[in-house]
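Morning, everyone. I have one structure to walk through today. Please look at the screen.

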Amino acid sequence: MIRRRRTLSCREVGRALQEFLDEEITDTQRAAQLREHLEACRDCGLEADTYRRLLAALHQQAPTIDSPELQRLRDFGSRLAAGEVNAD
């Protein structure tokens, strides 16, 4: 019998996104679910890309972070917390 993994909602991914991208999730099944969602969901995938770029800028000790991207990330987090993001 083949068991299919449950699909995560955008809200679930949003709650775990930072830990996932920081490679702090040790549950391999959970990490696979997150990876699959990010590959399939354009909105969440774009937010993951933005987070990765911000993290890279911080690691390079960049003096400024592109404010439109930072604002977009903040807006997405607010919409996600308010339940306004399409939950698949």
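This is a predicted model: local features need pLDDT of at least 70, side-chain atom pairs count only at pLDDT 80 or more; totals for chains, interfaces and linings use all residues.

Let me start with a term. A pocket here is an open set of grid points where a 1.4 Å probe fits, with protein on both sides within 12 Å along at least five of seven lines.

Helix 1, helix 3 and helix 4, residues 67–81, each give two or more residues to its lining. Which residues are they? The lining is made up of Arg11, Gly14, Arg15, Leu17, Gln18, Glu47, Tyr51, Leu73, Phe76, Gly77, Leu80 and Ala81. By class, that is six nonpolar, three polar and three charged residues.

Step back to the whole fold. The protein has four helices and zero strands. From the N terminus, the order reads α-α-α-α. There are 88 residues, and 32% of them count as buried. Now take the contacts with a separation of 6 or more. Of these, 59% join residues 24 or more positions apart.

On to helix 2. How far apart are its end C-alpha atoms? They are 18 Å apart. The helix covers residues 28–40, so 13 residues at 1.5 Å a residue should span 18 Å, and the model agrees. At the N-terminal end sits a cap, Asp27. One of its side-chain oxygens lies 3.0 Å from the backbone nitrogen of Gln29.

Which residues of helix 2 are buried? They are Ala31, Ala32, Gln33, Leu34, His37 and Leu38. What covers them includes helix 1, residues 10–21, and helix 3, residues 42–59.

Two residues to look at more closely. Take Ala16, in helix 1. Buried or exposed? Its relative accessible area is 6%, and buried means under 20%, so Ala16 is buried. Leaving aside neighbours within four places in sequence, Ala16 is in contact with Ile25, Arg30 and Leu34. Ala16 and Leu34 are 18 residues apart along the chain, and their C-alpha atoms are separated by 8.1 Å. Leu34 is also one of the buried residues of helix 2.

Then Leu8. This residue is found in the segment before helix 1. Leu8 counts as buried because its relative accessibility is 2%. Leu8 and Glu36 are 28 residues apart in sequence, yet 8.9 Å apart in space, C-alpha to C-alpha.

That's my tour. Questions, please.

Notes
Residues are numbered from 1 along each chain as its sequence is written. Side-chain values use heavy atoms; hydrogens and water are left out. The expected span of a helix is 1.5 Å times one less than its number of residues. Buried means under 20% relative accessible area, exposed over 50%, partly exposed in between (1.4 Å probe, protein chains only). Contact means heavy atoms within 4.5 Å. A polar contact is a pair of N or O atoms within 3.5 Å; within protein, one must be able to donate a hydrogen and the other to accept it, and residues adjacent in sequence count only if both atoms are side-chain atoms. On a 1 Å grid over the protein atoms alone, a cavity is a set of points where a 1.4 Å probe fits but cannot get out, and a pocket is an open set with protein on both sides within 12 Å along at least five of seven lines; lining residues have an atom within 4 Å of a point. Ala, Val, Leu, Ile, Met, Phe, Trp, Tyr, Cys and Pro count as nonpolar, Asp, Glu, Lys and Arg as charged, and the others, Gly among them, as polar.
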